[in-house]
Amino acid sequence: MPFQLSSEYEPQGDQRQAIEKLSRSLAAGNKHQTLLGVTGSGKTFTMANLIARHGKPTLIMSHNKTLAAQLYSEFKNFFPYNAVEYFVSYFDYYQPEAYIPRSDTYIEKDSAVNEEIERLRLSTMGSLLTRDDTIVIASVSCIYGLGSPEDYKDMMLPVRVGQSLTREEFLSSLVSLLFERNDINFGRGKYRVRGDVVEVHPAYLDETAIRVEFFGDEVERISSIHTVNGKVIEQLASHTFYPAKQFITAGDKMKVAMKHIRAELDERVHELEKDGKLIEAQRLKMRTEYDLEMMNELGFCQGIENYSRHLTGRPPGSRPHTLLDFFPRDFLLLVDESHATIPQIGGMYEGDKSRKTTLVEHGFRLPSALDNRPLRFDEFMEMTNQRVYVSATPGPFDLINSRPENRKFIPVKPRSGQEDFMPIDFKKIKVKASGNEESVDDFDPTKLGKPLVVEQIIRPTGLLDPVLILRPLKGQIDETIEMCRQRVEKGERVLVTTLTKKTAEDLAEYLKSTGLKCRYLHSDIDAIERVEILRQLRAATFDILIGINLLREGLDLPEVSLVCILDADKEGFLRNQTSLIQTAGRAARHVNGECVLFADVVTDSIQALIDITEYRRARQIAHNEANGITPQSVKRAVQQSLHSYEKGLHEADKLNASLVAEDESAYDKLRVISELEEEMRIAASKLEFERAALIRDQIAQLKSGPTSAQKHQKYSRKRSS
């Protein structure tokens with residue numbers, strides 16, 4: 001098998017049967033299957049075993065960059081000998097091009113590109129074209145337009161020792177690959193020339209460059225070197241250079257594309273002038289002529305993706321090339337947190353279309369710009385082959401389609417309200433996630449009528465789902481205070497969820513006035529301070545954390561034994577079935593886990609939570625009794641303080657902070673260093689060099705590692721002063 005799973009653990013609990021059943025389902029050729037794994041059951045380990053057994057290139061999609069980064073770290077450890085790649089949006093900050101007709105306001109495209117993520121994206125494209133053991137962890141950005149894989153592959157430049165190749169031919173090829181010559185500021189995507197020695201820094205490598213030495217018309221030596229000190233790392237027999245940009249087009253195709261762009265321009269200008277839109281016609285002509293001149297001279301222009309249809313030779317209205325085109329046809333798709341990821345995929349197309357239609361109508365872009373878009377949901381499904389939906393709370397789409405009789409997918413209407421999706425009343429369709437009581441040997445994934453929903457309910461630690469307690473709304477604050485006091489006396493932590501940010505802040509102040517140590521957490525708090533708040537909760541700096549939606553998916557706090565849900569009967573996004581199950585799951589990592597719901601009415605969502613909790617606890621208790629397992633709380637070391645919050649954080653940091661990560665690996669030292677490096681670059685670009693120097697010093701301190709907590713606290717006080 002091409003994938004080598006490296007782990008000191010063996011499948012435990014429900015993991016073994018889940019792996020066996022999903023493997024059989026994939027071997028039977030089923031297109032849809034669902035892994036219903038409860039919080040803390042080890043879904044990631046199950047996914048890794050599934051990849052190792054299936055042996056196909058795999059795409060793992062996540063709805064959030066933070067969770068994608070966490071998965072990337074975990075799968076890197078699981079598959080150290082395979083190509084594990086990371087593909088998310090490379091913008092730290094992105095303001096798309098837009099026009100507001102009502103106020104005659106044009107908003108130019110503005111972005112801050114993260115060079116490290118761009119490098120990882122280019123590495124992903126190269127690995128998919130050259131290796132068959134590639135695992136890609138991606139966000140929904142993978143359904144957006146990308147260069148043609150055929151053009152990218154055709155433009156790759158293999159060089160080997162002894163090859164007949166002149167230095168001038170090599171340099172000309174590098175320019176065609178959009179490398180830039182810079183003999184002084186050597187960096188990614190650049191090359192420098194020193195006599196018969198050419199040093200190239202590929203955009204997909206970090207601190208490694210390739211040195212090519214010529215002897216006459218022959219390649220004499222190829223070496224990999226360190227970009228800083230120039231020392232040789234190793235001698236190479238050959239090396240393949242990939243293009244330096246994601247959008248790359250051969251010279252002959254570029255000339256043809258420019259002719260088609262000019263023809264479309266003439267046609268569109270004529271239409272606008274005929275309709276009396278002279279300003280729009282003149283605007284479009286000036287902008288497009290400038291882009292054509294840049295493409296003619298440099299082979300590239302700002303916003304070249306808007307001409308992608310012409311550059312790739314696609315017919316009008318056809319789908320764009322995306323990362324999915326770089327995969328072989330039979331690749332495996334794993335959709336993490338599918339209840340959130342699937343609706344996100346379905347909602348991308350319409351918003352992009354609405355914005356670009358306005359630009360086209362007012363002469364800012366050619367109509368062909370509409371073909372630079374994300375995939376429609378039906379196109380996405382057509383391009384994927386076998387899919388595994390992974391979630392503790394699968395959505396209607398996952399469960400309905402995980403039935404063998406549904407040979408074609410049933411497009412359930414997503415939250416965005418797209419009209420081209422067929423709405424289905426899931427309550428009228430009884431799909432019970434069963435088929436797990438029988439032994440693995442009896443499991444037949446080809447049997448019609450049996451939902452291919454594999455439950456992973458038994459945790460390796462033997463922990464049970466938290467006990468549910470219902471309390472009336474009257475006096476909910478006083479009861480919450482009393483329950484918090486009881487937990488604090490035992491040295492345990494509490495999460496309290498409210499409906500609004502204002503309520504969370506006011507409640508935190510009120511609890512402080514009663515002598516309890518608490519903090520609030522919501523989306524207005526910057527990313528790095530949020531990291532510190534979570535660490536302080538685990539370290540018992542305070543005992544109670546009050547939040548809203550951020551206390552749902554992905555918060556891994558083993559010390560939390562109580563979750564209080566205020567106003568639990570207020571049906572809506574924050575109190576629907578999925579939200580309640582996810583929120584209650586935050587107490588599932590403690591042996592004394594309880595979830596208290598304050599409600600006067602047992603809503604359908606609350607009843608669903610009660611039913612599924614009773615079902616799961618019965619299964620878990622029976623398994624523990626049969627195997628003599630005593631539940632154990634999850635125990636993890638508390639991270640050392642990495643507090644680095646400053647009031648001057650750039651808005652870009654806020655945009656990337658939409659969710660709290662699922663476990664402490666996402667708020668470890670490496671993550672904070674990465675965010676500090678970005679903050680340092682932003683400060684330097686604003687000429688705030690003193691602030692940038694302070695951040696640089698702290699990065700160095702974090703990388704070297706303090707000898708004690710006192711040393712770090714002393715450094716933090718010094719920086720604050």
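Which residues in helix 17 meet which residues in helix 18?

## Where helix 17 and helix 18 touch

This is a predicted model, so keep that in mind while you browse. On the helix 17 side, the contact is made by Gln 577, Leu 580, Ile 581 and Ala 584. Across from them, helix 18 brings in Ser 605, Ile 606, Ala 608, Leu 609, Ile 612 and Arg 616. Sort these contact residues by type and you get 7 nonpolar, 2 polar and 1 charged.

As for the geometry, the two axes come within 8 Å and cross at roughly 45 degrees. That angle makes helix 17 oblique to helix 18, and the crossing is right-handed.

## Helix 18 itself

Helix 18 covers residues 604-627, which is 24 residues. From first C-alpha to last, helix 18 reaches 35 Å, close to the 34 Å expected at 1.5 Å a residue.

Which residues of helix 18 are buried? The list runs Ser 605, Ile 606, Ala 608, Leu 609, Ile 610, Thr 613, Arg 616, Arg 619, Gln 620 and Asn 624. Their cover includes helix 17 (577-584) along with several strands: strand 1 (32-37), strand 19 (453-456), strand 20 (467-471) and strand 25 (594-598).

## A glycine in a loop

Elsewhere, Gly 147 sits in the loop between strand 8 (134-138) and helix 5 (149-154). Is this glycine buried or exposed? Gly 147 counts as buried because its relative accessibility is 6%, with the cut-off for buried being under 20%. Gly 147 and Ser 308 lie 161 residues apart in sequence, yet their C-alpha atoms are 7.5 Å apart in space.

Notes: Residues are numbered from 1 along each chain as its sequence is written. This is a predicted model: local features need pLDDT of at least 70, side-chain atom pairs count only at pLDDT 80 or more; totals for chains, interfaces and linings use all residues. Side-chain values use heavy atoms; hydrogens and water are left out. Helices (H or I, at least four residues) and strands (E, at least two) are DSSP runs, numbered from the N terminus. Buried means under 20% relative accessible area, exposed over 50%, partly exposed in between (1.4 Å probe, protein chains only). The expected span of a helix is 1.5 Å times one less than its number of residues. Contact means heavy atoms within 4.5 Å. Axes are lines fitted to C-alpha atoms, for helices over the stretch in contact, and angles run from 0 to 180 degrees between N-to-C directions. Angles under 35 degrees count as roughly parallel, over 145 as roughly antiparallel, 65 to 115 as roughly perpendicular and the rest as oblique. A crossing is left-handed if the near helix is turned anticlockwise from the far one by less than a right angle, and right-handed if clockwise. Ala, Val, Leu, Ile, Met, Phe, Trp, Tyr, Cys and Pro count as nonpolar, Asp, Glu, Lys and Arg as charged, and the others, Gly among them, as polar.
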